[in-house]
Amino acid sequence: MTPEAKKDFEDRIQTYVGREISARKRGLDDVNKVMVRQWCEVMGDNNPVYTDEEFAARSSKGGLIAPPTMLQVWGMEGYSMANEPKEDLQRELHKIFDAQGYSGVLGTNCDLEFKRDLRPGDQVYAREVIESISEQKATSRGLGYFIETRTVFTDQSGEEVGNMKFRVLKFVPDQATQDAAAGAGESEKVAAPTRIHSPRGHDNAWWWEAVDQGKVLIQRCKSCQTLRHPPRPMCGECQSMEWDSIESALQGTVFSFTQIHYPKVPGYQYPLVCAVISLNEGTRLVANVVGCDPEDVTIGMPVKGVVEQVDEATMLPQFYPAG
Ligand SMILES: [Zn+2]
């Protein structure tokens with residue numbers, strides 16, 4: 001992009017700042033016990049102040065409240081947004097970015113502020129605006145811009161109950177990243193992107209270090225011999241903290257899988273088959289199924305794993321159709 005074209009583009013996107021994505025609108029459902037109970041079940045949140053009327057009445061809350069982090073739920077569009085996304089200002093803005101090659105999108109931050117507890121019967125209204133668009137940034141994902149939106153949630157009396165700031169990065173992915181950098185006159189070639197690095201902490205670094213050596217280990221309780229994965233400090237059967245490990249033969253079957261098409265994160269091939277593999281040793285692990293048409297992957301399919309170098313920085317167990 002020439003400097004003039006870049007300025008035109010940036011002037012154009014800045015005209016969206018401060019504009020309303022959606023006017024103050026009442027949520028599809030008022031705060032209700034059914035959705036709260038289902039949310040608590042799905043999230044595994046057992047705090048009885050959300051679901052147990054007697055407990056809640058005796059508590060400092062003086063009655064049932066909705067989980068504060070459900071706030072966004074009350075303003076959501078519902079399932080239809082997946083199939084028939086409405087054409088709003090935000091999507092219009094994203095299309096302007098897409099047209100300039102900034103087609104990648106990555107949610108980076110979500111900040112929530114809670115002003116008061118919501119209770120069954122409360123009405124929740126949401127109003128969303130585009131709060132800011134950053135200047136161009138060079139990020140590890142590529143050149144891009146951060147777009148921040150702000151949703152203010154109000155109740156039946158118009159009073160604010162909380163708000164949410166949501167930030168996404170619109171960036172130039174893959175080959176386009178290199179082209180854009182070359183076009184900007186940078187002499188240095190941008191390195192091919194690698195996959196997202198494995199998170200290595202106190203309890204699981206040993207597992208990834210074995211993968212780096214070409215082995216998939218399965219943690220085993222020293223007291224009762226129960227195998228477990230993913231790695232964790234304590235045996236779920238006997239609560240022993242003593243453990244060792246065995247090496248998996250990496251034979252098993254596809255327990256479940258999904259095909260990921262979008263968003264396309266640099267460093268990965270799409271469609272990407274992510275599967276839960278049942279290993280013959282008895283534990284399961286999440287891995288990609290490769291070496292076949294993604295359409296041919298089925299539940300129950302026998303697979304054989306190999307620890308492979310998938311990019312410059314990453315060793316991973318990958319599973320191929322067996323035989
Ligand atoms: Zn045990």
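How many bridges join β3 to strand β5 (residues 142-154)? Select both strands: 8 bridges join them, and they run antiparallel. That pairing is a stop on the tour below.

**Before you start**

This is a predicted model, in which local features need pLDDT of at least 70 and side-chain atom pairs count only at pLDDT 80 or more, while totals for chains, interfaces and linings use all residues. Residues are numbered from 1 along each chain as its sequence is written.

**The whole chain**

Show the protein chain as a C-alpha trace. Its C-alpha atoms fill a box of roughly 65 × 60 × 35 Å along the principal axes. Switch to cartoon and the chain has 7 helices and 14 strands. Helices (H or I, at least four residues) and strands (E, at least two) are DSSP runs, numbered from the N terminus.

Colour by burial next. A residue is buried if 20 or more other C-beta atoms lie within 10 Å of its own, exposed if 12 or fewer, and partly exposed in between, with C-beta atoms placed from the backbone. Of the 323 residues, 19% count as buried.

Now contacts. Two residues are in contact if their C-beta atoms, placed from the backbone, lie within 7 Å. Among contacts between residues at least 6 apart in sequence, 62% join residues at least 24 apart.

**Two domains**

Select 3-31 + 66-183 for domain 1, then 205-321 for domain 2. These bounds come from an automatic or database domain assignment. The C-alpha centres of the two domains lie 35 Å apart.

Select β1 (residues 20-26) and β3 (residues 125-133). They pair in the antiparallel sense over 4 bridges. Two strands pair if DSSP finds at least two bridges between them. Pick Lys25: its bridge partner in β3 is Ala126. Then move to Ile130, which stands opposite Thr149 in β5.

**The nonpolar core**

Which residues have the most contacts inside the largest nonpolar core? Select Val31, Tyr50, Ile65, Ala66, Leu118, Val124 and Phe153. The core has 14 residues. A nonpolar core is a set of buried Ala, Val, Leu, Ile, Met, Phe, Trp, Tyr and Cys residues joined through C-beta atoms within 7 Å. In soluble globular proteins, nonpolar side chains tend to be buried together.

Centre on Val31. Leaving aside neighbours within four places in sequence, Val31 is in contact with Ala66, Trp74, Leu118, Arg119, Pro120, Gly121, Asp122 and Val124.

**Helix α2**

Select residues 33-43. This is α2, and it is hardly covered: the count of buried residues among its 11 residues is 1.

**The barrel**

Which strands make up the closed barrel? Follow β10-β11-β12-β14-β13, a barrel of 5 strands with mixed pairing. The twist averages 45° from one strand to the next. Axes here are lines fitted to C-alpha atoms, for helices over the stretch in contact, and angles run from 0 to 180 degrees between N-to-C directions.

Take its pairings in turn:

- Select β11 (residues 272-279) with β12: they pair in the antiparallel sense over 5 bridges. In β12, the bridge partner of Ala275 is Ala287. The hairpin of β11 and β12 has 4 residues between the strands, and Gly282 there takes a positive phi near 120°.
- Select β12 with β14: they pair in the parallel sense over 2 bridges. Val289 stands opposite Phe319 in β14.
- Select β13 (residues 302-311) with β14 (residues 314-321): 8 bridges, antiparallel. They form a hairpin with 2 residues between them. Gln309 has Met315 as its bridge partner, and Val307 stands opposite Pro317.
- Select β10 (residues 251-260) with β13: 3 bridges join them, and they run antiparallel. Gln251 stands opposite Lys304 in β13.

**Last stop: Gly300**

Pick Gly300, in the loop between β12 (284-289) and β13. Is Gly300 buried or exposed? Gly300 counts as exposed because it has 8 C-beta neighbours inside 10 Å. Now draw a distance to Val254. Not counting residues up to four places away in sequence, Gly300 touches Thr253 and Val254.
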